[in-house]
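Thanks, everyone. Have the view open while I speak.

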Amino acid sequence: MKPSQIECPDPVSRASVSASMSSAAAAALQLLLLTALTAAAAQRLSITSDRGTIIKIISTVKSSQGKGCKVCTTVGRSQQCDTLLVLKDNSPASVEFDCSRPQDVFNVEIVRNIECTTKSCNGQIVQADSGSRPLVGFNRKFIWNLKASVPKAFKIDFTNMGLKQIKASERCPDRHSYILQTSQTSGDVIIGKYCRMGPICDAQMLNQGSFSVDVPAGQELKNDRFGVSVGEEIKSLAKLTLTLPTGTSSSELLSANYPESFPDNAMMEWYFQVPDKHMTTVQLLNLTQPLCLKKDTAVEYNSARGGASVLKLTAPQPDQTQGSFSLTLRNCEMDRRRAGAPGLSLGIKVLSSSQNSPVSCKVEVKRMDGLSLHIKKLRPASGCLMKINSVPKEVITVTADGVLSFQGCLPEDVQVTATRVIDCSQLKDSPKAPFRLSVPPMPTCLPAPLTSVAWTLRVARDGAVELTSPMGNLKQALPGQPCNDSIIIKVAEENSNTIGLFCPQGPIQNVQVHKNVSVTVSNIGGRIFRMPVLFAMMKDEIPERYIFSVSPKKDTSFLLATPGWPEGMKDYSTVSWVVSFPTRMKAHLMFANLSQPKCRNGHTNIKVQRVGRLEEDYSRREDEEAESEIMVSESFFLNMSNCMAERGDFTVVTKITLQKSTNLLLTIILSVVAVLLVVFVIVLVAVCVVIRKKKKKLNHEVSIYNPNGTSFLPGAKGFPETHEDSEHEYASIEDTLVYTHLLRKGGEMGIYGDSDTYRPVTGCSDSQKPLASEGSSRQEARLSCEQAPSLPVRPPSHNHPLVDNVIYQADDQSEEECSLNLGPRLEPEGGN
């Protein structure tokens with residue numbers, strides 16, 4: 001066998017292969033040049049922003065990584081380059097990049113602003129890509145910043161296409177991802193990330209927020225339009241409305257900031273519009289619970305027809321419920337002091353299905369707190385079919401465990417109520433402590449929410465029942481005093497005689513009734529499932545048919561109506577209000593809407609009597625003219641009694657206003673003191689004026705003793721020139737001027753010396769003594785106290801010339817020698 005031979009190709013074949021290789025290289029080179037030219041062309045762009053639109057070209061890498069890649073624009077004759085470029089004012093701009101692949105470095109944001117007043121908004125969300133079309137090769141984010149006007153929210157309508165929520169890590173099939181974000185004082189909160197074609201038909205957000213759509217590079221923005229309008233007054237971060245489709249469906253939602261923590265003390269609401277004859281089931285998934293400092297996490301359900309419940313996040317959620325409802329997620333004040341402390345995050349799954357098949361509902365009596373459940377078919381012509389233990393019924397009463405079945409039953413087709421009878425006809429067997437009248441959670445599989453709960457309390461003949469509210473004091477539901485709460489409590493006698501309608505937040509502490517009582521609660525709010533409606537306690541007999549204990553707050557007004565209002569009180573019935581308030585307060589009573597009957601027997605009576613007083617402050621019968629208002633200064637009883645009426649009704653609405661009181665006795669005392677003080681001031685002023693005038697007169701009327709025998713008053717007239725002119729009488733005579741001439745004459749006669757050394761002389765302390773010379777003989781100068789003239793008391797203003805009015809004498813002078821013996825008086829020359 002010959003070995004196989006390998007033949008070499010002929011020259012023609014080698015040439016063809018070489019030619020084919022050359023053509024491939026040329027094609028590759030052409031493609032490379034085309035790519036380079038395309039990249040070079042992408043470096044220079046001409047962009048014109050739309051009116052009211054801001055275009056931002058932002059670097060997505062750090063400065064160290066993006067060094068040498070900047071976006072440039074020409075301003076005037078100079079070129080400015082940076083990692084951020086902002087274009088606005090609808091002016092064209094030439095943009096240039098100094099790197100070959102700017103799409104890998106820069107992202108583009110197109111921003112528009114919309115503001116809303118309390119009535120309208122100044123724009124709509126219009127998805128259009130005309131101004132930023134040259135930037136289609138970049139990742140783009142279209143942002144609409146929205147601002148609401150407090151207290152309203154802004155509302156975005158997605159009805160045309162709908163949205164469905166996805167996780168932050170997921171992508172939408174059409175690569176258009178929508179994001180809702182709200183701005184709060186604590187920071188920005190991402191409500192969620194969404195794709196097109198879902199059940200979410202609108203979103204409402206408080207304060208400020210944004211709606212944005214992310215479009216990847218090379219993707220055209222789909223044209224669309226979303227209406228923006230003024231929303232509701234909501235209290236949550238956001239409220240999303242979902243319209244569930246007909247048939248079987250499943251909707252999944254996520255808490256805000258998922259998978260991160262829901263904000264502290266925040267709420268978020270979802271409202272589900274459920275088609276007719278559909279049942280829904282709610283499930284909570286992937287729950288992460290925080291550590292709470294204050295309050296608790298919870299989820300609240302509110303039916304569109306009034307039913308409500310508040311459940312823990314770990315509790316079983318509603319199953320097989322009918323009708324539209326809202327779900328509100330509430331967070332607590334979380335403890336985030338420890339590193340790694342968990343926050344609140346969860347997923348919500350809502351399953352919906354048609355009611356074409358019967359819905360089973362199991363009822364356990366032990367969970368009903370002694371209540372009997374009553375389900376009544378309201379519309380016989382409806383297609384609602386109700387069964388208990390497989391037996392069809394028009395009215396179902398559940399007193400024992402059983403299985404109910406509902407097919408095609410709408411909430412408006414049935415009525416659900418509950419009742420309980422509490423028999424305490426023997427007072428000795430009655431509980432001594434208050435017991436609760438509470439509403440337990442109802443089965444969620446019922447076709448309609450609970451509309452009312454009634455308790456009948458039967459008391460002993462010599463007993464009474466006292467009702468108090470654990471939610472604070474009660475108030476009567478009256479015109480001008482409406483109930484803003486979610487419940488109404490009707491208190492009536494067992495024979496249906498209404499006592500009154502009440503609700504929380506008022507001045508009435510308790511109600512005592514001397515009869516069997518029926519208590520009916522309607523319009524039940526969510527919190528009623530978590531606490532009792534009323535406390536009831538059996539008591540001994542009371543003196544009135546009805547007694548209300550009232551404790552008002554200061555500076556408040558409230559209304560009290562007679563039992564049965566607007567109908568009249570029953571014949572011979574009595575009622576008493578015990579109104580208590582602090583001291584130094586007073587109550588102003590005004591009797592409004594007073595209607596008096598014509599009595600066949602007896603009289604009606606309205607009495608006001610202060611607590612602890614025997615006398616009555618006010619008392620009027622139907623045949624007496626009644627005062628419309630009175631003032632009471634202390635806690636008091638307000639008693640009313642009816643007669644046997646021949647015609648007409650006895651009805652009274654009393655308006656009581658508590659005010660600060662003024663002490664009348666203190667006012668009188670202060671008034672008297674003020675008057676006496678004024679009189680004293682007037683008298684004091686008068687006395688001061690008189691004294692001042694007298695002093696002024698004394699200062700001017702000072703007499704001068706003239707040795708020539710002429711006395712005169714100094715003044716404007718000068719000295720008198722004649723004797724007649726000196727004939728005056730004076731009120732006082734200055735003593736220093738009277739005796740000065742004696743001292744002078746004594747010196748001239750040698751009786752007084754010139755020595756300035758004197759010694760004090762003791763003796764009559766009430767007289768002023770003349771000076772004596774040491775050289776004089778004691779015998780010649782001795783004068784007894786009886787012979788010396790008594791001198792008047794000298795005014796202090798004249799003491800200084802006589803050396804403080806002290807008289808000096810020799811050391812050995814006797815104490816009895818109180819004056820010097822001046823000898824016989826010498827008449828001055830020229831005297832009279």
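Start at Cys72. Its relative accessible area is 6%, so Cys72 is buried. This is a predicted model, so keep that in mind throughout.

Which cysteine does Cys72 join? The partner is Cys81, and the disulfide has an S to S distance of 1.9 Å. Cys81 has a relative accessible area of 37%, so Cys81 is partly exposed. Buried stops under 20%, and exposed begins over 50%. The angle about the S-S bond is 110°, and the link of Cys72 and Cys81 is right-handed.

Next, Cys172 and Cys195. They form a disulfide too, with sulfur atoms 1.9 Å apart. Where do the two ends sit? Cys172 is in the loop between strand E11 (163-166) and strand E12 (177-184), while Cys195 is in strand E13 (residues 187-196). The pair therefore ties together parts that are 23 residues apart in sequence. Both ends are under cover. Cys172 counts as buried because its relative accessibility is 5%. Cys195 counts as buried because its relative accessibility is 2%.

Cys69 lies in the loop between strand E2 (54-59) and strand E3 (71-75), and Cys99 in the loop between strand E6 (92-97) and strand E7 (106-115). So this pair ties together parts that are 30 residues apart in sequence. Cys69 is buried, and Cys99 is buried as well.

How many disulfides does the count give? It comes to nine.

Two further cysteines, for accessibility. Cys201 is buried, at a relative accessible area of 14%. Cys688 counts as partly exposed, at 43% relative accessibility.

Back to strand E12 for a moment. Thr182 has its place there. Is Thr182 buried or exposed? Its relative accessibility is 0%, so Thr182 counts as buried. What does Thr182 touch beyond four places in sequence? Its contacts include Gly187, Asp188, Val189 and Ile191. Met205, Leu206, Gln208, Gly209 and Leu237 are also among them. Take Leu206. Thr182 and Leu206 are 24 residues apart in sequence, but 7.4 Å apart in space, C-alpha to C-alpha.

On to the cores. The largest nonpolar core has 76 residues. Which residues have the most contacts inside it? They are Leu373, Ile375, Leu404, Trp455, Phe548, Leu589 and Phe636. Take Leu589 as a case. Leaving out residues up to four places away in sequence, Leu589 touches Val608, Ser628, Glu629, Ile630, Val632, Phe636, Leu638, Thr654, Lys655 and Ile656. There is also a second, separate core of 71 residues, which includes Leu45, Val105, Leu240 and Leu327.

Four strands form an open sheet in the order E18-E27-E20-E24, and the pairing is antiparallel. Which strands are at the edges? They are strand E18 (249-254) and strand E24 (321-322), each pairing on one side only. E18 pairs with strand E27 (residues 345-354) in the antiparallel sense, over six bridges. In that pairing, Leu254 has Gly347 of E27 as its bridge partner.

Zoom out to the whole protein. The secondary structure comes to five helices and 56 strands. Of the 832 residues, 41% count as buried. The protein exposes about 46500 Å², with carbon and sulfur atoms supplying 52% of it. Among contacts between residues at least 6 apart in sequence, 80% join residues at least 24 apart.

Last, confidence. The average pLDDT is 77, and 75% of the residues score at least 70. Where does pLDDT stay under 50? One stretch is residues 525-530, with 23 contacts beyond four places in sequence in the model. Another is residues 754-832, with 101 such contacts. Where pLDDT is low, the predicted coordinates should not be read in detail.

How values were computed. Residues numbered from 1 in each chain as written. Predicted model: local features only at pLDDT ≥ 70, side-chain atom pairs only at ≥ 80, totals over all residues. Heavy atoms only, no water. Disulfide = S-S within 2.5 Å. Buried < 20%, exposed > 50% of the residue type's maximum accessible area, 1.4 Å probe, protein only. Core = buried A, V, L, I, M, F, W, Y, C linked by side-chain atoms within 4.5 Å. Contact = heavy atoms within 4.5 Å. Areas by Shrake-Rupley, 256 points an atom, 1.4 Å probe, with all protein chains shown as cover. Pairing = 2+ DSSP bridges. pLDDT = per-residue confidence, 0-100.
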